Amino acid sequence: MAATVVTITSGKGGVGKSTTTANVGVALAARGKRVLCVDGDIGLRNLDVIMGLENQVVYDLVDVVEGRCPLKQALIQDRRLPELYLIPAAQARNKTAVAPSDMVRLCNELRPEFDWILIDSSAGIERGFRIAIAPADRVLIVTNPEIPAVRDAGRVAGLIEAIDKGPAQLILNRVKPDMGKRGDGLNISDVLSLLSIDLIGLVPEDEHIVHSSNRGLPVALNGRSQAGEAFRNIARRLQGETVPLMKLDNQRGFARRLARLVGSGARVLSPQRAARARRDS
Amino acid sequence: MKNSLTVRVERGKKSSAANAGERLKSVLAHDRAGISPAILDVLKEEIIAAISRHVDTQREAVEIGLDQDAQESRLIVTIPLRSINTKRKR
């Protein structure tokens, strides 16, 4: 077991990085993988609350980096899903407390213990981003179907390529079913064709999400949530499975149109197939 | 899709950012090229002035735009020239 380190970032704030990190983590753990989620947003702790683990926080990432506790003591195990762990962010510090090299060192120490290490990046492109991206083997960019978010995603994707951590894969989050129908709105094909980043998942807008973070119960555990199903699909695609895009409400034929943009029939490419497709084209 | 996509933004005509998709396209193209729309306008005037010093151009018909694919951004300037035949005095 040597973990793959995946950094979830976005540029824009509030697009759903933490929700994505928590839910993909839950989905992977539910499939029996040993998963560590790391909250990289130092000073603005959120992953603990989304995962429902806030009452178990004793030590945090900065405590580990500054040597106040051994690494293993900062790991919080989810009692509902024993394969799932969290290292929370420090709440009383800021991003200067941790260096990118600290994160690399930490991840290297933890790689043998896990199958997946998911790092929840802070928003922005400054130090918080650099801390989170330093140890990444893969990068997921989360965005929403609106101009400021997509613009930031484009910028971040360029940065990721520039530091040789690319290519990133895209998660389009908070997709509304009737987008773009009224003619002058942004539609999903606009976003995907303009960004030229391989799509790894679409997550629909879902009222279950706000309830889930209020309760500390990630939607990936909720069989009735469409967003939960989308996150579970992303987890499967991360593992190399080819999973057809979910049909969203009111989107007859949408998945087929979308799949043409993504380039492979009615499916979203797994990373191996995407790499092969790029090589062959 | 990824390798051969081009994004074209036309300035010099009335900018058609009438809908969100067009606005996004324009914003992304300018971001990637590192040239803002305002700078592009200034550049256009300077290019017209420089070229006009040497050849007769149809100012109003000059177009300047950004053309991009995954590999690079290009500035494309189209400068229609007045035909010398119509101007020759005999």
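**Reading a predicted model: cavities, pocket, sheet and one leucine**

Modeller: In this predicted model, the second largest cavity is lined by A:L202, A:A230, A:N233, A:R237, A:L245 and A:M246.

Biologist: What makes this space a cavity, and which volume does the second largest cavity have?

Modeller: The word cavity applies because a 1.4 Å probe fits at its points but cannot get out. The volume of the second largest cavity is about 30 Å³, and the count of cavities of 30 Å³ or more comes to 2.

Biologist: Which helix gives the most to that lining, and how do its residues divide by class?

Modeller: Helix 10 (residues 226–238) of chain A gives the most, with 3 residues, and by class the lining has 4 nonpolar, 1 polar and 1 charged residues.

Biologist: Why is the other kind of space called a pocket, and what lines the second largest pocket?

Modeller: A pocket is so called because its set of points is open, with protein on both sides within 12 Å along at least five of seven lines. The second largest pocket holds about 460 Å³ of space, and of its 25 lining residues the closest to the centre are A:G14, A:V15, A:G16, A:K17 and A:T19. Helix 1, strand 7 and helix 9 (208–215) of chain A are the elements that each give two or more residues to this lining, which by class has 8 nonpolar, 10 polar and 7 charged residues.

Biologist: How do you know that strand 3 and strand 4 of chain A pair, and in which sense?

Modeller: Pairing requires at least two bridges, and strand 3 and strand 4 (residues 84–87) of chain A are joined in the antiparallel sense over 2 bridges, therefore they count as paired. Within this pairing, A:I76 stands opposite A:L86.

Biologist: What is the strand order of the open sheet, and what makes a strand an edge strand?

Modeller: The open sheet of 8 strands in chain A has the order 3-4-2-5-1-6-7-8, with mixed pairing; strand 3 (76–77) and strand 8 (198–204) are its edge strands, since each pairs on one side only. Helix 8 (residues 188–195) of chain A lies across strand 7 and strand 8, running at about 160° to strand 7.

Biologist: Why is B:L43 called partly exposed?

Modeller: Its relative accessible area is 25%, and because buried means under 20% and exposed over 50%, B:L43 falls in between and is therefore partly exposed. B:L43 lies in helix 2 (residues 37–52) of chain B.

Biologist: Which residues does B:L43 touch, leaving aside those up to four places away in sequence?

Modeller: B:L43 touches B:I64 and B:L75; B:L43 and B:I64 are 21 residues apart in sequence and 8.9 Å apart in space, C-alpha to C-alpha.

Conventions:
Residues are numbered from 1 along each chain as its sequence is written. Chains are lettered from A and ligands numbered from 1 in the order in which they are written. This is a predicted model: local features need pLDDT of at least 70, side-chain atom pairs count only at pLDDT 80 or more; totals for chains, interfaces and linings use all residues. Side-chain values use heavy atoms; hydrogens and water are left out. Helices (H or I, at least four residues) and strands (E, at least two) are DSSP runs, numbered from the N terminus. Contact means heavy atoms within 4.5 Å. Axes are lines fitted to C-alpha atoms, for helices over the stretch in contact, and angles run from 0 to 180 degrees between N-to-C directions. On a 1 Å grid over the protein atoms alone, a cavity is a set of points where a 1.4 Å probe fits but cannot get out, and a pocket is an open set with protein on both sides within 12 Å along at least five of seven lines; lining residues have an atom within 4 Å of a point. Grid points are joined across faces, edges and corners, and a volume is the space filled by probe spheres set on the points. Ala, Val, Leu, Ile, Met, Phe, Trp, Tyr, Cys and Pro count as nonpolar, Asp, Glu, Lys and Arg as charged, and the others, Gly among them, as polar. Buried means under 20% relative accessible area, exposed over 50%, partly exposed in between (1.4 Å probe, protein chains only).
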